[in-house]
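Dear colleague,

I am handing over the structure below for your records.

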Amino acid sequence: MRAVRSVDGSATVVEAPVPVADWPVLEVAAAGICGSDLGLLDFGLPVTLGHEIAGTIDGRTYCVEPTVACGQCDQCTAGASQRCRGRAPHGMLGLDFDGGMADRIAVPADCLLELPAGLPVADASLVEPMAVCRHAFRRVAAVAGERVLVVGGGSIGLLAVAAARALGLDVDLAARHPHQLAAGERLGAGRPMGEYDITVESAGTESSLHRCIEAAAPGGRVAMVGVNTGSWTVAGLPLMMKELTIAGSFCYGRGRDGREFAEAAAMLAANPDIADTVITHRFPLTDAAEAFRVAADRSAGAIKVVLEP
């Protein structure tokens, strides 16, 4: 079967073995390209890429929650499977296990979520990044009616806008490119003005974190969602004087108050305009190299690029 892997730092379609794990095998219908996938190309990991996945099994449509957890450690039993620290095997599809940029993928049964009515499988690779945003708002205990500023207009930033609106929050967007601002407006975001109860760092840059700190009201909360593996300098005095709370946010959980993946799927099903706005490009699997090139060029109009085997 076909699969997309990193070969000499480039997204390359290769022949890969058919999955033989003791897990259900999903026929992939859509796999989104995440910013982290772009970064993983340089690492040359010997796995198939892709953790934003949707497809079919025996004619039924599913999205894939790609965190594989032990289910028994203290974090898993508390509903925080994304923080699993149990014995292997655990990790992430597309990083520690073969991912979904392929014709087929083996998926643990408890990582499958059947799609709700109203969410086409072609759009359902968005459930994973939407769940990231849903989790971020839970991490900062967002309450309907609060003011939110999202800093960063990539797919995570725009899905954070959509999640905020679905949760009854008043949201503005700070973004670099005109097409990102236009997409934010379509999803219900205003332009930045004043100070905010919650700010969301979704760009993964030190400057965007500084803007979040500056825009937060005294006693406000900052949700860090953007991925960055470097070291940052934080503006300590404003952070201290305003007594801000900074909450790191990673993936999604299955707490006592619900499975965030299911909540994200319901948000997308309730508002088809989200997928219509955020998914800007679709490519067949054979054009993976071009799809990755387009995904890396934010200035050219790409937001979310999806591969369709």
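**Antiparallel pairings**

Valine 64 stands opposite leucine 112, a residue of β9. The strands β5 and β9 pair in the antiparallel sense over three bridges; two strands are taken to pair if DSSP finds at least two bridges between them. Helices (H or I, at least four residues) and strands (E, at least two) are DSSP runs, numbered from the N terminus.

Please note that this is a predicted model, in which local features need pLDDT of at least 70 and side-chain atom pairs count only at pLDDT 80 or more, while totals for chains, interfaces and linings use all residues. Residues are numbered from 1 along each chain as its sequence is written, and side-chain values use heavy atoms, with hydrogens and water left out.

Strand β5 also pairs with β4 (residues 52-57), again in the antiparallel sense, over five bridges. Here glycine 55 has tyrosine 62 of β5 opposite it. The hairpin of β4 and β5 has two residues between the strands, and aspartate 58 takes a positive phi near 55° in it.

**The parallel sheet**

An open sheet is formed by five strands in the order β11-β10-β12-β13-β14, with parallel pairing. The edges are held by β11 (170-174) and β14 (245-248); each has a single partner strand, so one side of each is left without a neighbour in the sheet. From one strand to the next, the twist averages 20°.

Two of the pairings may be described further. β10 and β11 are joined in the parallel sense over five bridges, and valine 151 stands opposite alanine 174 in β11. Strand β12 (residues 196-201) is likewise parallel to β13 (residues 216-224), with five bridges between them. Threonine 199 has valine 222 in β13 as its bridge partner.

Strand β10 (residues 147-151) is largely enclosed by the rest of the structure, because four of its five residues are buried. Buried means under 20% relative accessible area, exposed over 50%, and partly exposed in between (1.4 Å probe, protein chains only).

**Helix packing**

Two packed helices are described by the angle between their axes and the distance between the axes. Axes are lines fitted to C-alpha atoms, for helices over the stretch in contact, and angles run from 0 to 180 degrees between N-to-C directions.

The axes of helix α3 (residues 127-139) and α4 come within 9 Å and cross at roughly 60°. That angle makes α3 oblique to α4; angles under 35 degrees count as roughly parallel, over 145 as roughly antiparallel, 65 to 115 as roughly perpendicular and the rest as oblique. Residues Pro129, Met130, Val132, Cys133 and Phe137 of α3 meet Ile156, Leu159, Ala160, Ala162, Ala163 and Ala164 of α4, where contact means heavy atoms within 4.5 Å. The residues of this contact divide into eleven nonpolar, no polar and no charged. In this classification Ala, Val, Leu, Ile, Met, Phe, Trp, Tyr, Cys and Pro count as nonpolar, Asp, Glu, Lys and Arg as charged, and the others, Gly among them, as polar.

The axes of α3 and α8 come within 8 Å and cross at roughly 115°, which means that α3 is roughly perpendicular to α8. On the α3 side the contact includes Val127, Glu128 and Arg134, and on the α8 side it includes Glu260, Phe261 and Leu268. By class, the contact of α3 with α8 has eight nonpolar, one polar and five charged residues.

In helix α8 (residues 260-270), the buried residues include Phe261, Ala264, Ala265 and Leu268. Among the elements that cover the buried residues of α8 are β5 (60-64), β9 (112-114), α3 and α4.

**Individual residues**

Serine 155 is placed in helix α4 (residues 155-166). With a relative accessibility of 10%, serine 155 counts as buried. Leaving aside residues up to four places away in sequence, serine 155 touches Val278, Ile303 and Lys304.

Threonine 67 lies in strand β6 (residues 67-68) and is buried, with a relative accessible area of 6%. Not counting residues up to four places away in sequence, its contacts include Ser81, Gly91, Cys111 and Tyr252.

Threonine 286 is found in the loop between β17 (279-284) and α10 (288-296). From alanine 102, threonine 286 is 184 residues apart in sequence and 9.9 Å apart in space, C-alpha to C-alpha. Threonine 286 touches Arg2 and Val13, not counting residues up to four places away in sequence.
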